Amino acid sequence: KRYTQMNREHVLQLRDDISDTPEAANNRVKDLSALFRWAIATRYAPAKFQNPAAGIPKLKPLNADGYHTWTPEELLQFESHWQVGTMQRLAYALMLFTGARVSDAYRLGPGNQIDGCLQWVQQKTQREVVVPIHPALQDAIDVTEHGDRAYLITQYNRPFSSSKSLSNWCTKSYIAAGLPDRCVAHGLRKAGATRLAELGATEHQLMSVFGWSSPAEARRYTEAASRKRMAKAAISLLSCKENE
């Protein structure tokens with residue numbers, strides 16, 4: 001269909017056609033809006049053309065908190081199954097201790113290691129991040145037969161061809177460890193952020209590690225950690241009072 005005839009109702013219909021997967025529906029609207037913005041900016045679209053996807057409200061996601069954050073018990077279960085020295089444990093450590101997304105993790109290698117840090121430009125945000133290498137990650141790197149270009153390699157000793165291929169491989173390793181379906185690779189990034197926040201990391205420190213440009217995302221973790229600390233302190237006070 002001619003895009004110049006597309007209007008708001010058409011975009012709403014395209015969104016609602018896959019409303020049973022609201023995240024995908026919202027991404028469809030987002031992609032359409034970006035396409036039309038580009039067409040208008042480059043003057044491919046007529047001068048008076050209006051972006052039909054602009055202002056379309058998002059559908060409420062099935063999981064308001066997004067990807068599941070791995071629990072301490074789930075982290076321990078994975079570590080118990082996949083020992084240091086396996087490629088599965090290296091992939092796990094790489095994402096947990098750097099906050100790297102799968103889209104970055106499959107490309108990281110010895111060339112990114114500079115002065116005890118891993119340094120790369122995030123594929124999603126195009127922001128550079130520099131993360132000191134955690135001792136547990138360094139240990140996994142040292143004892144695992146990894147690749148020369150990329151740390152993570154397939155059984156054929158080749159780097160993963162894409163983030164999707166690494167993601168699928170990781171999912172198989174989680175299933176093999178007996179973890180529930182909710183445990184996905186991105187949840188390790190969230191687990192890392194949760195750990196740092198609970199250890200007292202500030203919003204700006206979290207932004208530096210995870211490459212966020214706004215404190216809003218980091219604030220979700222620091223506020224949750226603060227609530228947890230205050231709840232413990234409150235219960236501790238109650239216990240002390242009861243023992244008087």
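## Burial criterion and model

A residue is termed exposed when its relative accessible area is over 50% and buried when that area is under 20%. The structure discussed here is a predicted model.

## Overall architecture

The protein contains 10 helices and three strands. Read from the N terminus, the order of elements is α-α-α-α-α-β-β-β-α-α-α-α-α. Along the principal axes, the C-alpha atoms occupy a box of roughly 70 × 60 × 35 Å.

Of the 244 residues, 37% are classed as buried. Among contacts with a separation of 6 or more, 59% link residues 24 or more positions apart. The accessible surface amounts to about 14,900 Å², and carbon and sulfur atoms contribute 53% of that area. The protein carries 31 positive and 24 negative charges, whose mean positions lie 9 Å apart.

## Helix H6

Helix H6 spans residues 135-143, and Leu137, Ala140 and Ile141 are buried within it. Viewed down the axis of H6, these buried residues fall within an arc of 100°, so they line one face of the helix. The face turned away from the buried side bears Pro135 and Asp142, both of which are exposed.

Which elements are included in the cover over the buried residues of H6? Helix H4 (87-96) is part of this cover, as are strand E1 (113-114) and strand E2 (117-121).

## The antiparallel sheet

The three strands form an open sheet with antiparallel pairing, in the order E1-E2-E3.

E2 and E3 run antiparallel and are joined by five bridges.

## Positive phi angles in two loops

Arg43 is not a glycine, yet its phi is positive, at about 65°. This residue belongs to the loop between helix H2 (22-41) and helix H3 (72-81). With a relative accessible area of 75%, Arg43 is exposed.

Gln126, likewise not a glycine, has a positive phi of about 60°. The loop that holds Gln126 lies between E2 and E3, the two strands joined by five bridges. Is Gln126 buried or exposed? Its relative accessibility is 57%, and Gln126 therefore counts as exposed.

How values were computed
Residues numbered from 1 in each chain as written. Predicted model: local features only at pLDDT ≥ 70, side-chain atom pairs only at ≥ 80, totals over all residues. Heavy atoms only, no water. Helix = DSSP H or I, 4+ residues; strand = E, 2+ residues; numbered from the N terminus. Buried < 20%, exposed > 50% of the residue type's maximum accessible area, 1.4 Å probe, protein only. Contact = heavy atoms within 4.5 Å. Areas by Shrake-Rupley, 256 points an atom, 1.4 Å probe, with all protein chains shown as cover. Lys, Arg positive; Asp, Glu negative; His and termini not counted. Charge placed at Lys NZ, Arg CZ, Asp CG, Glu CD. Arc of directions from axis to C-beta. Pairing = 2+ DSSP bridges.
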